[in-house]
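Hi everyone, thanks for coming.

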Amino acid sequence: MTEILRRTPTGELKWALAQLFDRSAPTYERVGVSHFDALGRQLVEHAGLREGERVLDVGCGTGAVLVPAALAVGPRGSVTGVDLSPGMVERAREAIAEQGLTQARAVVGDAETAEWTDADGTATGPADGSFDAVLAGISLFFFPHPDAAAARYRTLLAPGGRLAVSWWGRPDARWDPVFAASAPYGTASAHRLPDDSPFRSVDALHSLLADSGFTGAETVETDCVTRFQGPRQWWRWVWSTAGRQFWESVPDGARGEAIAAVNAELDRLRAPDGSLTSVNKVRFTVARAV
Ligand SMILES: C[S@@+](CC[C@H](N)C(=O)[O-])C[C@H]1O[C@@H](n2cnc3c(N)ncnc32)[C@H](O)[C@@H]1O
C-alpha cells in the first residue's frame, strides 16, 4: 500500500486520511446511530443493480454499500470494495464473513487510481471494462482528484455501465450554531471542500461527469435524518466519523472550553425528550458510461 501511495503526488494526504479512518474504524457505525448503513442501502437502490453484475465499491469503509450491493447482485455477481484504511477494510471483511457473501471481497488500496495490494503484497488493479457498476458512497469528495477518478472509472466500466455516487447537499442550518461554537478552537476538517470542488453544486458534478465520458447524469436529493438519543451519543458519533479530525486539532488546553461551548448549543437543540436530530440533504447521482 505504501508503495502505491509513494508513486502519487497526493500520497501523503491520502496516507493521513487512511490513518484518520483507521482511528474511526473501531466505532464507525457502531455507536447505536444508523447513518451510513441507511445511506448505503439507498445508493444501491439508486444504482439499480441486477443479479450477476460486477461491482466496484470505491471507499468501501466498513461495507455500508458493499454488503447491500453483494446481496443485490447475488452469488453469480461480484463486488470488490477498495479502501485506503486497513482498519475499515478489516471491518468490511468481518461483515462479508458474517453474512457468508462469497461474491464479495474488500482490499486495501487507492480507489482514486483503482490500484490495490494483493494478498502477496504486489500492486495490482482491474482490467478495463471489467465492471458493470462503480459505486461511491460518501467517499468521492475525499479524493484529491475526483475528475481523474471518474475518468478512470469510465475506462473500468463496460459500455453502458453506471457510476453511482452519494454526496452531501445543504447541511442542517439549525446546527450552524453548534459548528460556529467549536470553530474558533480547532483547525482541521476532512469535510472542507476546496473552492473549485465539483461537489459544491449538482451542475458542477454533472459537467465533471460529462467531461469524463459519462452521459445522462441525474441527481436525486433527499433528507438524511439522523437521530441521537442526546448529546452524549452525538459526541460518541462524532468521534466515530471523519468529524473527529476537527476535535483532534483542538489543543488539549482548549478542549474543555470548546466542549462546554458546544454543549450549550446542543442543549438548545434538544427536543423535549432530550434527543437531537439533524436533517442534512444527501444527493444520489447516477450516470452512464458512454
Ligand atoms: C465516510 S467513509 C464512507 C465509507 C462507506 N462507503 C460508507 O458509505 O460508509 C469514506 C471512506 O472513503 C475512504 N477513502 C477516502 N479516500 C480514499 C481513496 N483515495 N481510496 C480509497 N478509499 C478512500 C476512507 O478511508 C473512508 O473509509
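The expected span here is 1.5 Å times one less than the number of residues, and helices (H or I, at least four residues) and strands (E, at least two) are DSSP runs numbered from the N terminus.

A word on the source: this is a predicted model, where local features need pLDDT of at least 70 and side-chain atom pairs count only at pLDDT 80 or more, while totals for chains, interfaces and linings use all residues. Residues are numbered from 1 along each chain as its sequence is written, and side-chain values use heavy atoms, with hydrogens and water left out.

Which residues of H3 are buried? They're Phe36, Leu39, Gly40, Leu43, Val44 and Ala47, buried meaning under 20% relative accessible area (1.4 Å probe, protein chains only). They sit on the same side of H3, because they cover an arc of only 140 degrees around the axis, taken from the directions from the helix axis to the C-beta atoms.

Now the ligand. It has 20 residues around it, the closest being Tyr28, Gly59, Asp83, Ala111 and Gly137; a residue counts if one of its heavy atoms lies within 4 Å. Helix H2 (11–24) and strand S3 (104–110) each give at least two residues to that shell.

Polar contacts next, meaning pairs of N or O atoms within 3.5 Å. A side-chain N or O atom of tyrosine 28 is 2.7 Å from a ligand oxygen.

Conventions
Polar contact = N/O pair within 3.5 Å; in protein donor to acceptor, adjacent residues only side chain to side chain. Buried < 20%, exposed > 50% of the residue type's maximum accessible area, 1.4 Å probe, protein only.
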